[in-house]
Amino acid sequence: MSTDGPLTPTQSDDLRAIAAVMIPASTEFDVPGADDPVIQADIVTTLGRDACLVREALDELACLASAPLAALDPARREAVAMELRAKGGAAVETLTRVVLQCYYRDDRVVRSLGLEPRPPYPRGHVLEDGDWSLLDPVRARPPMWRRA
Amino acid sequence: MLRRVHGKGSMNDPVDVLIIGAGASGAAVAWSLAETKMHILCLEQGGWMNPATFPSTGRDWEARFFGDYSPSPNIRARPEDYPINDDNSPIKVVNFNGVGGGTVMYTAHFPRLHPSDFRVNSLDGVAEDWPIDYDTLVPFFEENDRMMGVSGLAGDPGVPPRNPPMPPLPLGRSGTMLAKAMNRLGWHWWPSDTTVATVDYEGRARCINLGHCTPACAQGAKASTDITYWPAALRAGVELRTHCRVREITTDEQGMAAGVVYYDADGIEQFQAAHVIVLACNGVGTPRLLLNSASGRFPNGLANSSGLVGRNLMFHPYAQVYGYVAEETDSNRAPPICLWSKEFYETDLSRGFVRGYTFQFGRGVGPVAEAVASEAKGLLPWGAGHHDAFRRLNGHRLGMSAICEDLPEEHNRVTLDPVLKDSHGIPAPRIDYTLGENTARMMEHGIARAKEILAAAEATDICVNSPILYGGWHLLGTARMGEDPARSVVNRWGRSHDVKNLFIVDGSLFVTSGGVNPTSTIQALALYIADQMKQRLANLFD
């Protein structure tokens, strides 16, 4: 397997494993887990400036697990993942964010939330005007600003 | 080697007026001075923005807020950014560098300072009064509202009369919920003044609710000076050189500013002579440049005989409070700010502090921002329960921020970092800042009132961010105006007390901060100073 990417094969496996713990697939909502290959590919190819901190977090994870995370039994895998989460810090926050930001822009996930999988521009959105009569009691108030 | 540019003479021939910075104030002063037909040059360290590349044009629109469109220059780290050591501050500096400056990356909330903000010492016995008053700025507020294009609703009892040229943004679902909650409490609210165009305006297309307004508007509905003032200024003959970073201002044997040393787009050191120099680099960039311009004649930095350059930094600490309602909000599908409240703006000593704050109400956030924030707050679990929790949170957030008046304290300051430098090797700014006691009490008051509002809206899972960590949008007070050269850096019309051909027009001028977003007032001040300069051209240096 190539090691030209931002992560080693072991780190990629651990990323996939912890992503599955973070966001598992759901049949109820018809969504993949964050270990889905398309989502994983999005994470890895868009790591960019986050790569260094993500690698740092995965190294911390490897230390906590003392083995590849994917090789652990599910209970131990979850325990290690939660230990990493509790530990916190910039690296763990970055790892968590990159998983969330790729998961919640996946077409399947976005559709399951009732949203359209598209950028805001150029179609924008419709905003209802609202009930301007709500302002009536405020309009009736005397000036509140202090004259100076 | 000098070269010819557009028939204006060799590139580094002396100019009449040199403006440093093409943001909110630099653009306004350039446009205003253009009618004099002087040779006006602006040097800007960034470049022109390309709306086709703005975040809201792509599927990664939310993610880029954590990267190349982060409001923090330290995170964003574009070539045109300079690093800022803000380790010793609970509030991190945020800004944007490029043509348009901070107006490229702001929420477009556009209130004005109140009349009382100019008289805090006379009224409340704290800080110092401004050397000018609200009424002096009114014609310039109005001119700026027209140039930037302000949407809003006249008749607000919370502020002095004004007539925004465009109608307000819709209330939407979020605004309606918040308005009902405020009415239940009997508290003031009003649709915010904003520079988001609600109708087609002066060549700008109306807002279509992209919703991701802060990191630049791909529609061009949000006013930034690259699409408002600058086109008009350039048509009037102002010259703008981009990717030019000024290192220092030099002075002559009379102690007058002679010109600037800058690095051009190729990184080549250049000297630009000028008869008048105008600083428009914001409340961090301006003191940084003045301090970097120390010389034998000005050993403590240029224009710094008072010792106040860099001191009295004010941020507007934000106390953010939000919760979740059962009903769906507008979330990211509209401009983020919808209402303001002036209920707690003016001093009421029974609250335990002087001065006050504005509430600015938000419509909500997009799914990635919601997921990241909720996970960090512990509301969004990992594993089982994640999906249920996210569907309860996403699109249901309702919240607000108390934007608190920060009083000037000399120990809050900008200095030069002894180690950190930008990509040109120029010493970077260092921030030392602590929250004042009055401000802290004000923030606690704001948090408590915000919780009452959210309770009235039947919101649950209340979250507080106080102060907002990356909330140093407003950089004020570090070269303030005043009558006394011992207590101020510039006079009542923006001219340095020490260097009579050096002017400052940005947020550094603020004597006190008020409790509102400052861009409207910064630009009104820039127009006022330009007007003063035009009136005094015959004896500008007397």
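**Notes on the chain A helices and the A/B interface**

1. In this predicted model, the axes of α1(A) and α4(A) come within 10 Å of each other and cross at roughly 85°. Axes here are lines fitted to C-alpha atoms, for helices over the stretch in contact, with angles from 0 to 180 degrees between N-to-C directions. Helices are DSSP runs (H or I, at least four residues), numbered from the N terminus. Angles of 65 to 115 degrees count as roughly perpendicular, so α1(A) and α4(A) fall in that class.

2. Who touches whom? From α1(A) come A17(A), I18(A) and V21(A), and they meet R77(A), E78(A), A81(A) and L84(A) of α4(A); contact means heavy atoms within 4.5 Å. By class that is five nonpolar, no polar and two charged residues. Nonpolar covers Ala, Val, Leu, Ile, Met, Phe, Trp, Tyr, Cys and Pro; charged is Asp, Glu, Lys and Arg; the others, Gly among them, are polar.

3. The rule asks for a side-chain nitrogen of Lys or Arg within 4 Å of a carboxyl oxygen of Asp or Glu. These two sit three residues apart in the helix, which means about one helical turn separates them. Over all chains the structure holds 40 salt bridges.

4. On to the interface: chains A and B bury about 5300 Å² between them, 65% of it on carbon and sulfur atoms. That is the accessible area (1.4 Å probe) lost on putting the two parts together, summed over both. In chain A, L127(A), W145(A) and R146(A) lose the most area to chain B, together 15% of what that side buries. The contact takes 55 residues from chain A and 72 from chain B.

5. How many salt bridges cross this interface? The rule finds five. R59(B) and D107(A) meet through their side chains in a salt bridge at 2.6 Å, N to O.

6. Of the helices, α5(A) gives the most to the chain A side, with five residues. That side has 33 nonpolar, seven polar and 15 charged residues.

7. Bookkeeping: residues are numbered from 1 along each chain as its sequence is written, chains are lettered from A and ligands numbered from 1 in the order written, and side-chain values use heavy atoms, leaving out hydrogens and water. Local features need pLDDT of at least 70 and side-chain atom pairs count only at pLDDT 80 or more, while totals for chains, interfaces and linings use all residues.

Note on methods. Parallel < 35°, antiparallel > 145°, perpendicular 65-115°, else oblique.
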